[in-house]
Amino acid sequence: MSTSMDPDSVGGDFADGGVLTTDFFVAWFDDIAKQVRLQRERLTALDAAIGDADHGTNLDRGFTEVGKALTDSPPTSPGQALLSAGTTLIRRVGGASGPLYGSAFRAMGKAVEEPVTLAGFAAAFDAGVVAVEQLGKAVPGDKTMVDALVPASRTLALAVRDGVGVREAFELTARAAEEGARATIPLRARKGRASYLGERSIGHEDPGAASSALIVASLATVAAVGS
Ligand code: ADP
Ligand code: MG
């Protein structure tokens with residue numbers, strides 16, 4: 001009758017003793033699709049200010065397709081879920097963000113080992129961030145999704161080092177991504193379409209950093225289920 005008080009057990013439906021199950025990853029993509037749909041106009045408005053006004057629609061289409069792929073061919077492992085999502089995003093989302101997010105999830109899928117502990121997830125997440133950095137050649141401060149993803153990965157690694165439970169670790173990670181995204185506002189873009197604007201890119205949040213914060217926030221949301 002007691003709800004679990006074990007800080008390492010994540011959302012009863014999705015995890016077993018702190019291990020992130022295939023269902024956890026499917027629920028993560030489900031929540032991302034939901035949040036992207038809800039925030040589609042905001043993401044597109046951010047992209048309208050410094051890009052070509054397609055980021056929200058790009059991601060809405062992409063993550064809707066991810067949901068369909070995961071329903072049509074239910075994954076039997078976390079790695080499969082991540083690879084399927086990544087491949088779908090690469091195939092179905094044009095622009096910069098499709099290949100970047102697609103490569104990130106594919107790299108995570110290749111890196112992840114079962115059973116997926118928080119430490120294992122953190123290592124895989126970092127492999128995903130490294131894939132974005134290698135493909136896009138952006139570094140922190142260039143005003144891209146890297147500005148949200150790098151602090152998120154660092155924060156998650158520190159949480160693992162400190163032995164923080166899964167839920168709290170994902171909450172801290174989500175906060176770091178959100179702060180990283182907001183910190184892109186005063187930056188001048190040095191990569192992607194926004195860089196064509198030069199000085200005029202200053203004063204706007206980077207759309208990709210905003211969507212990365214949303215993707216990381218979904219981790220915390222899904223981990224909190226059942227708590
Ligand atoms: P596009 O710019 O091709 O229209 P999107 O609008 O879907 O694609 O995505 C734009 C986002 O992609 C930017 O806000 C930025 O965060 C990210 N981005 C663009 N170029 C790069 C890059 N070289 N490295 C990392 N992220 C990038
Ligand atoms: Mg765009």
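**Notes on the metal site and a helix pair**

I began with the magnesium ion (ligand 2): Asp47, Asp52 and Asp54 coordinate it through OD atoms, at 2.0 to 2.2 Å. I kept in mind that this is a predicted model. Along the sequence, I found these donor residues spaced D-x4-D-x1-D.

Asp47 has 8% relative accessibility, so I put it down as buried, the cut-off being under 20%. Asp54 comes out at 22%, so I wrote it down as partly exposed.

Then I moved on to the helices. I looked up helix 8 (residues 166–182) and helix 9 (residues 207–224): their axes come within 8 Å and cross at roughly 165 degrees. The two are therefore roughly antiparallel to each other, as angles over 145 degrees count that way. I also noted that helix 8 passes helix 9 in a left-handed crossing.

Who meets whom here? On the helix 8 side I listed Arg167, Phe170, Glu171, Thr173, Ala174, Ala177, Glu178 and Ala181. On the helix 9 side they meet Ala209, Ala210, Ala213, Val216, Ala217, Leu219, Ala220, Ala223 and Ala224. I sorted the residues of this contact into 13 nonpolar, one polar and three charged.

Last, I picked out Arg175, which lies in helix 8. Its relative accessible area is 49%, so I have it as partly exposed. How far is Arg175 from Gly51 in space? I got 25 Å, C-alpha to C-alpha, with the two 124 residues apart in sequence.

How values were computed:
Residues are numbered from 1 along each chain as its sequence is written. Chains are lettered from A and ligands numbered from 1 in the order in which they are written. This is a predicted model: local features need pLDDT of at least 70, side-chain atom pairs count only at pLDDT 80 or more; totals for chains, interfaces and linings use all residues. Side-chain values use heavy atoms; hydrogens and water are left out. Donors are N, O and S atoms within 2.8 Å of the metal (3.2 Å for Na, K and Ca); water is not among the atoms, so sites may look incomplete. Buried means under 20% relative accessible area, exposed over 50%, partly exposed in between (1.4 Å probe, protein chains only). Axes are lines fitted to C-alpha atoms, for helices over the stretch in contact, and angles run from 0 to 180 degrees between N-to-C directions. Helices (H or I, at least four residues) and strands (E, at least two) are DSSP runs, numbered from the N terminus. Angles under 35 degrees count as roughly parallel, over 145 as roughly antiparallel, 65 to 115 as roughly perpendicular and the rest as oblique. A crossing is left-handed if the near helix is turned anticlockwise from the far one by less than a right angle, and right-handed if clockwise. Contact means heavy atoms within 4.5 Å. Ala, Val, Leu, Ile, Met, Phe, Trp, Tyr, Cys and Pro count as nonpolar, Asp, Glu, Lys and Arg as charged, and the others, Gly among them, as polar.
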